[in-house]
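User: I'm new to this one and would like a guided tour. Could you take my questions one at a time?

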Amino acid sequence: MNYLSSLKYLYYPGCTIKRDALEYEEKSLLLLRKMGIELKELESWYCCGALPSLAIDDIMSYVGGTRTLIEAQKLIRRGDFNGLLTLCPMCYNVLKRINLVLENDPDKLEILTEYMEEEERYGLGVNVVHIVEVLAGNIDRLKEIATEKLTEFKVAVYYGCTLLRPKEIAIDDPENPEIIENLLTSLEVAIVDYPFKTECCGSYHILTNRNIVVDRVKRIVSSALRRGANIITVVCPLCMYNLKQVVKEGNKLRAMYLSELLVHLVGDR
Amino acid sequence: MKEIVRKIISISGRNPFLCYQCGLCSAVCPVVEYMDTPPHKVVKLIQLGGEELKRIKSIWYCISCMACVDRCPRNVGPGILFEAFRLLTLRRGIDKVDLGTLENIDKVPTIAVVALARKTTG
Amino acid sequence: MGKAYEVPEGLTIMKALEYAGFRFIRGSGCRGGFCGACGVIYRSPGEYKLRVGLACQTTVKDGMHLAILPYSPMVKPIYRIDKLKPDLGTILKYFPEIVRCVSCNSCTKACPQDLEVMEAIQAIRQNDIARAANLIFDCIMCGLCSTRCPADIRHPYLFQLVRRLYGKHLLSRARHVELRVKEIVEGRWEAEFSKLMKMSVEELRKLYTERKIEGGEK
C-alpha cells in the first residue's frame, strides 16, 4: 500500500471501551486521525463474549461476535474499508478466533446461518485488526508527525494474553513479541526488557480472588521496576485496571495506554 | 472408558491420552500456585478416570490464558480440557459464582464481568 | 391447554377460553393489549415454531395448541431511584445476568409488542441507557421474553429500572409540569375545583365537550 493512500477502517469499540476506558478511546482516535487513518464506528454491535468458549460444540457463544462481523460485512460492501479495527484486545481475540473457527469448519457456519435466520449469511473475510497492528504497519506516518522526544521515559511493554494467544491469532511471536518495542524504538523511545511481558495479570479473578491479581501484578511490576522502567504501557482495559491495583498515582512507575504514550510523542498532551 | 472422560473428550475435541506428563503446562500456568491439583496432574487423573476427578477445584482457577494450550508439545491443550471439565457442571445449569454477591461488580471493567460469567455460570 | 375445545371462528384466545368455560381471575387485565397480563404461547398445526402473543389480541386458529403464561416469576428489586447513577454499573448491581446475553435474539422473537429487545439489552451493555430506554418504551412487562431467555435475564424489572433511570436522571425536566404542580400545591386552583365539585353532571358534560384542547383548532 502506498504511504499517501487513504486508510479506512471500521471500528468496533466493545462494551468496556465505551465505559471504563474512555481516555484510551479518546487518545487512540486522536492518534489515528493525526496519522490520516479514518475510522467509522459500527452502527450496531454486539457483545463479543470477552473470552471465547474453548469447547468445540459451543456454537451459541459465537452468535454475538458473528452478528458484529455481519454488521461489518454490510458496511464493507458499501464502502472501501481495510478491515474491522478494535482497541480492546479481548474483542480482537474473540472476533479473530470466530473467523478462524468458521473458516476451518464450514458446518459451524452453516448451523449459525440457519440459526440466525433474520440475518444475512456471514461470508467470512472480514479482516479483524488490532490498533497495534495498524500503528506498527504505519510507522512512517507516525514518524512524520512525531515532533516530541520522550527522553525521560523508560518504557516496559506489557502485552498480556489476548493479543498473543492462541498462537494462531497472535499479532507477533507469542514467545517473544517485539512489535510494540520495535515501534517505540523507531520513535526513539527507550525500552526496558523484562521477562513478564506476556504473563497473565489475573484477568477476571479481580472479581472473585483479588489477591491473585495483586500477586500476579506485583510480580510483573516489580520486575519492570528492577530493570529501570518508569512507564509500563498496556493495550487492554482489564490489564490496566488490574495493574492499577498495585501501580498507584505518584509511584515511580506509571501505567499508560500505548495510545496515550504515542499522543505525547505527537505533541498533544 | 468412563462416561466423564468420554464427555470431556467430546466437548474439548482433544485427546488427553497423548499426554506424556512433561509438566510444561504446570510450569507456565500463571495460577498454578492457587490450584489444588496442578494441570499436568489433572490430565493424568483424566487418563485414569477415577472418582477423585469430581473433587478437583483447579478448573475454576484457570482463566483461559492459553499459555499451556499454546505450549503443549503433545497438543493435548490442558486449558481446553479444563473448559470441557467446567462445562460438565455449567451445562447442568449450576452456577459456580453467584453474580449477585460480587462486591465490586459495578466498578471493574465490563469485560471482567462478562468473562467471569461466561466461564463460571451455566 | 392440552385438551380440545370447539369454539366459534374469529374469537380472541381469551374470549375462546371463556367460551369454553374458563374464568379469568388472574392473567387478564385491560383486554386491550396494554397491560401485559395475558401472555400466551402456542403452536399451530404443521409448525415447529413456538409462537407468543397476548390472549386478548391473538385470534384462535383451528388446531392450535396453547398455554397461558400470565407471569414470569421474579423477585422485584427494591431501590431508591434518586440515589442511583444512570449507568451500567448500577444495572450490574441489580441485574448482573445481563452480561450472560449471547445475542441469540430469542427475546426479540418473543416480544408481542415487536420491540427490539436484544438491541435494548446490547444498548445497556454499551452503557447507552437513553437508547435502551427509548427502544423499550412500549414494554408492557408481560415477561414472555424472560421465559425464553437462555441467560435468565429478568427483562420486565430490568427495563423498568432502565426507564426509571432515564426518566429520573437523563430526560430533561418538563418545566411546565413543575410549574403547574407548584400552582396546585399553592392552592391557586382551589376556587376552580370547588366550583367544579358543585356542578351537576349535565353542566360538567357540557363544559367537558366544549373545553379548549391544547394544540386543537379552536
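**A first tour by question**

User: Let's start with B:Asn75: is B:Asn75 buried or exposed?
Analyst: Keep in mind that this is a predicted model. Counting around B:Asn75 gives 11 other C-beta atoms within 10 Å. A residue with 12 or fewer is put in the open class, so B:Asn75 is exposed.

User: Where along chain B is B:Asn75 found, and what is its phi near?
Analyst: B:Asn75 is in the loop that runs between helix 4 (67–71) and helix 5 (78–90) of chain B. Most residues other than glycine have a negative phi. B:Asn75 isn't a glycine, yet its phi is positive, near 55°.

User: A:Leu124 has a positive phi too; about what value does A:Leu124 have?
Analyst: A:Leu124 sits in the loop between helix 5 (106–115) and strand 4 (128–130) of chain A. The residue is exposed, with 12 other C-beta atoms within 10 Å. Although A:Leu124 is not a glycine, its phi is positive, about 60°.

User: Is the peptide bond from A:Arg165 to A:Pro166 cis or trans?
Analyst: A:Pro166 belongs to the loop between strand 5 (154–157) and helix 8 (179–186) of chain A. Most peptide bonds are trans. From A:Arg165 to A:Pro166, though, omega is near -5°, and the bond is cis.

User: Stepping back to the whole of chain A, why is chain A as compact as a globular protein of that length?
Analyst: Chain A is built with 12 helices and eight strands. For its 269 residues the globule rule gives 18 Å, and chain A comes close to that, so it is as compact as a globular protein of that length, with a radius of gyration of 19 Å.

User: What percentage of the residues of chain A count as buried?
Analyst: The C-alpha trace of chain A spans about 55 × 50 × 30 Å along its principal axes. Among contacts between residues at least 6 apart in sequence, 77% join residues at least 24 apart. Of the 269 residues, the share that counts as buried is 52%.

User: How many residues are in the largest nonpolar core, and which touch the most other members?
Analyst: The largest nonpolar core holds 180 residues. One of those that touch the most other members is A:Leu243, and beyond its neighbours within four places in sequence, A:Leu243 is in contact with A:Cys201, A:Val217, A:Val221, A:Ile232, A:Val234 and A:Ala255.

User: How many residues of chain B are in contact with chain C, and what classes are they?
Analyst: On the chain C side, nine residues take part, and on the chain B side, 10. By class, that chain B side has five nonpolar, three polar and two charged residues.

User: In chain C, which strand gives the largest share of the side of domain 1 that touches domain 2?
Analyst: The domain assignment puts domain 1 of chain C at 13–68 and domain 2 at 81–170, with domain 3 at 175–209. The centres of domains 1 and 2 are 25 Å apart, and seven residues of domain 1 are in contact with seven of domain 2. The domain 1 side divides into four nonpolar, three polar and no charged residues. Three residues, the largest share of that side, come from strand 2 (residues 51–54).

User: Last one: which residues is C:Tyr94 in contact with, leaving aside its neighbours within four places in sequence?
Analyst: C:Tyr94 is in helix 2 (residues 88–94) of chain C and is partly exposed, with 18 other C-beta atoms within 10 Å. C:Tyr79 lies 15 residues away in sequence, with 9.1 Å from C-alpha to C-alpha. The contacts of C:Tyr94 are C:Pro77, C:Tyr79 and C:Leu161.

Key
Residues are numbered from 1 along each chain as its sequence is written. Chains are lettered from A and ligands numbered from 1 in the order in which they are written. This is a predicted model: local features need pLDDT of at least 70, side-chain atom pairs count only at pLDDT 80 or more; totals for chains, interfaces and linings use all residues. Two residues are in contact if their C-beta atoms, placed from the backbone, lie within 7 Å. Ala, Val, Leu, Ile, Met, Phe, Trp, Tyr, Cys and Pro count as nonpolar, Asp, Glu, Lys and Arg as charged, and the others, Gly among them, as polar. A nonpolar core is a set of buried Ala, Val, Leu, Ile, Met, Phe, Trp, Tyr and Cys residues joined through C-beta atoms within 7 Å. A residue is buried if 20 or more other C-beta atoms lie within 10 Å of its own, exposed if 12 or fewer, and partly exposed in between; C-beta atoms are placed from the backbone. Helices (H or I, at least four residues) and strands (E, at least two) are DSSP runs, numbered from the N terminus. The radius of gyration is taken over C-alpha atoms; the globule rule is 2.2 Å times the number of residues to the power 0.38. Domain bounds come from an automatic or database domain assignment.
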